[in-house]
Amino acid sequence: MLRSAAPLLLALVLPPALARDALPAPESAQIDAGLETYTPTSDVAGTLSSVGSDTMVNLMTIWAEEFQRIYPNVAIQVQGAGSSTSPPALIEGTARFGPMSRRMKAREIEAFEARHGYRPTSIRVAVDALAVYVHRDNPLAGISLTELDAIFSTTRRCGHSEPIERWGQLGLEGAWNSRPIQLFGRNSVSGTYGYFKDAALCKGDFRPDVNEQPGSASVVQAVATSPEAIGYFGIGYRTSGIRPLPISRRPGLDYVEATAENATDGSYPLSRYLYLYIDKRPDTPLTPMEREFVRMVLSRRGQALVVKDGYVPLPADVARRELSRID
């Protein structure tokens, strides 16, 4: 833990392959003109700790860096081992902020309430298109959620008649017909793992041969170096060595690209909000430092950084609703 207000400290719990050749966000990821302009205040100093999502760790980091540029007397610690690490940290008081790429589960909320006597406050801070990636040389045009379930699960609750284990079963011909599909994904501590399980596997069970990785950067690296690979992670982590697949909800429907517009309007099947959970008593305001950090994140300034990191900014009406949770 940090002991004093000092220059920004970022303690990143990440795999060695953090560095990513991030592509720019889709051109349609425009900042809503209705978002508030952030106006700095005075007397903001202290320490701030964040524990949670690996998907959001880069985003939390650039928000923290920007916040420290505005307020030099703030020190921030950011850890990103997975969304499931956030509730225990908030419960034990080792973090005030808990970024999560999924909603907190009922049992996690109950455990927090049992300790503190009130529920954590959740704030939507960005939109993400959870993308399914293949190697850039893979010619597959698109995939359905039903087919994804048959690839990644043992249960096939989405309705496919048989497991899909070869690329030829998806219509690829020639040398690709007999190539086995190599599976990569996140581990169970990840919110992305939980979201993909619910949304793409119809809450079924993963196959045991999915190569689970400790972070999104590791999945990126695996797919980029394995021509037969398929993997899933947030759109903000895409690189030039891989390609996101357009997705349909069912076979025979049109494929939908993982774009900002499609994620925002919900037409992309695997779009989701990213959350920041806060330890806030209902009858007590946040500290000035905590309040101003949330205000900056939900402002035009903070949402511009969302776009810079490859995610989708919030509509202004959503940002206003989220701000009302801390006022």
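Of the contacts in the chain with a separation of 6 or more, 78% are accounted for by residues 24 or more positions apart, where contact means heavy atoms within 4.5 Å. The structure is a predicted model, in which local features need pLDDT of at least 70 and side-chain atom pairs count only at pLDDT 80 or more, while totals for chains, interfaces and linings use all residues. Residues are numbered from 1 along each chain as its sequence is written, and side-chain values use heavy atoms, with hydrogens and water left out.

The chain has 10 helices and 11 strands, these being DSSP runs numbered from the N terminus (helices are H or I with at least four residues, strands are E with at least two). The radius of gyration of the chain is 20 Å, close to the 20 Å that the globule rule gives for 327 residues, so the chain is as compact as a globular protein of that length; the radius is taken over C-alpha atoms, and the rule is 2.2 Å times the number of residues to the power 0.38. Along its principal axes, the C-alpha trace spans about 65 × 40 × 35 Å. Buried residues make up 56% of the 327 residues in the chain, with buried defined as under 20% relative accessible area, exposed as over 50%, and partly exposed as in between (1.4 Å probe, protein chains only).

The chain exposes about 13700 Å², of which carbon and sulfur atoms supply 47%; accessible areas come from the Shrake-Rupley method with a 1.4 Å probe, and for residues only the protein chains shown count as cover. The mean positions of the 35 positive and 36 negative charges of the chain are 3 Å apart. In this count Lys and Arg are positive and Asp and Glu negative, whereas His and the chain ends are not counted, and the place of a charge is taken as NZ of Lys, CZ of Arg, CG of Asp or CD of Glu.

Helix 1 (residues 57-70) has 14 residues, which at 1.5 Å a residue should span 20 Å, and its end C-alpha atoms are 20 Å apart, in agreement with that value; the expected span is 1.5 Å times one less than the number of residues. Because 12 of its 14 residues are buried, helix 1 is largely enclosed by the rest of the structure. Among the buried residues of helix 1 are W63, E66, F67 and Q68.

Two serines in loops were also examined. S83 is placed in the loop between strand 2 (74-79) and helix 2 (86-92), and at 1% relative accessibility it counts as buried. Not counting residues up to four places away in sequence, S83 touches G52, S53, P99, M100, S101, R102, V189, S190 and G191. S299 lies in the loop between helix 8 (288-297) and helix 9 (300-308) and, at 2% relative accessibility, counts as buried. With residues up to four places away in sequence left out, S299 touches L35, E36 and Y38, while the C-alpha atoms of S299 and T41, 258 residues apart along the chain, are separated by 14 Å.

Within strand 8 (residues 229-234) is found G231, which is buried, with a relative accessible area of 0%. The residues that G231 touches, not counting those up to four places away in sequence, are A131, V132, Y133, F152, F184, V219 and V223. By contrast, E261, in helix 7 (residues 260-265), is exposed, with a relative accessible area of 51%. E261 and Y195 are 66 residues apart in sequence and 20 Å apart in space, C-alpha to C-alpha.

Backbone geometry was considered last. Most residues other than glycine have a negative phi. R156, although not a glycine, has a positive phi of about 50°; this residue is in the loop between helix 4 (145-152) and strand 6 (182-186), and at 24% relative accessibility R156 counts as partly exposed. A positive phi, near 50°, is likewise found at C202, a residue other than glycine. C202 lies in the loop between helix 5 (191-199) and strand 7 (211-213) and, at 34% relative accessibility, counts as partly exposed.
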